[in-house]
Amino acid sequence: MIATDVTEEYVERNMRLSTFHCKEGNYVVRTGLDMLVEQLGENFCRTHYSFLVNLEHTKSMTQKEIKLNNGESVPISRNRLYEAKHAFTRLWCKDE
């Protein structure tokens with residue numbers, strides 16, 4: 001179960017653990033990213049085998065990474081580039 005009072009910026013998978021990197025701190029769970037992406041909703045995008053990003057906390061995107069508002073960068077794999085571009089554009093252009 002995902003806590004609703006926590007602001008997830010991104011999730012990183014390492015071995016069998018998923019770490020939620022949040023403004024409030026880091027939280028570790030034993031859940032795969034495939035299950036998490038369904039629970040977290042449409043604002044999250046899988047950018048890499050090991051990363052999910054909350055697109056509401058992003059400020060820019062290149063072909064290799066997404067820059068977060070907190071200054072951190074999350075990688076984008078070549079296999080996930082199209083999906084990441086589409087999700088980033090959908091979120092940031094929906095009001096236009």
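A residue is called buried here when its relative accessible area is under 20%, exposed when over 50%, and partly exposed in between (1.4 Å probe, protein chains only). By that rule Met15 is exposed, because its relative accessibility is 73%.

The model is predicted: local features need pLDDT of at least 70, side-chain atom pairs count only at pLDDT 80 or more, and totals for chains, interfaces and linings use all residues. Residues are numbered from 1 along each chain as its sequence is written, and side-chain values use heavy atoms, with hydrogens and water left out.

## Overall fold

The protein chain has two helices and eight strands. In sequence order the elements read β-β-β-α-β-β-β-β-β-α.

The C-alpha trace spans about 35 × 30 × 25 Å along its principal axes.

Of the 96 residues in the protein chain, 39% are buried. The accessible surface comes to about 6,400 Å², and carbon and sulfur atoms account for 48% of that surface. Accessible areas come from the Shrake-Rupley method with a 1.4 Å probe; for residues, only the protein chains shown count as cover.

A contact means heavy atoms within 4.5 Å. Among contacts between residues at least 6 apart in sequence, 34% join residues at least 24 apart.

## Charges and salt bridges

The term requires a side-chain nitrogen of Lys or Arg within 4 Å of a carboxyl oxygen of Asp or Glu.

| Salt bridge | N to O distance |
|---|---|
| Asp34 and Arg46 | 2.5 Å |
| Glu83 and Arg80 | 3.6 Å |
| Lys67 and Glu65 | 3.9 Å |

In the salt bridge of Asp34 with Arg46, the closest N and O atoms are 2.5 Å apart. Asp34 belongs to helix H1 (residues 33-40) and Arg46 to strand S4 (residues 44-48), so this pair ties together parts that are 12 residues apart in sequence. Asp34 counts as exposed because its relative accessibility is 55%. Arg46, at 9% relative accessibility, counts as buried.

For Lys67 the relative accessibility is 30%, and for Glu65 the relative accessible area is 28%. Glu83 stands at 36% relative accessibility, and Arg80 has a relative accessible area of 22%.

## Individual residues

Met15 sits in the loop between strand S1 (8-14) and strand S2 (17-22). The phi of Met15 is near 60°, a positive value in a residue other than glycine. Most residues other than glycine have a negative phi.

Leu33 is in helix H1. With a relative accessible area of 2%, Leu33 is buried. Leaving aside neighbours within four places in sequence, Leu33 is in contact with Val11, Arg13, Ser18, Arg46, Tyr49, Ser50, Phe51 and Leu52. One of these, Ser50, is 17 residues from Leu33 along the chain, and the two C-alpha atoms are separated by 7.6 Å.

Tyr27 is part of strand S3 (residues 25-29) and is partly exposed, at 37% relative accessibility. Tyr27 and Val11 are 16 residues apart in sequence and 9.4 Å apart in space, C-alpha to C-alpha.

Lys64 occupies the loop between strand S6 (58-61) and strand S7 (65-68). At 69% relative accessibility, Lys64 counts as exposed. Not counting residues up to four places away in sequence, Lys64 touches Val74, Pro75 and Ile76. The C-alpha atoms of Lys64 and Ile76 are separated by 5.0 Å, although the residues are 12 apart along the chain.

Terms used
Helices (H or I, at least four residues) and strands (E, at least two) are DSSP runs, numbered from the N terminus.
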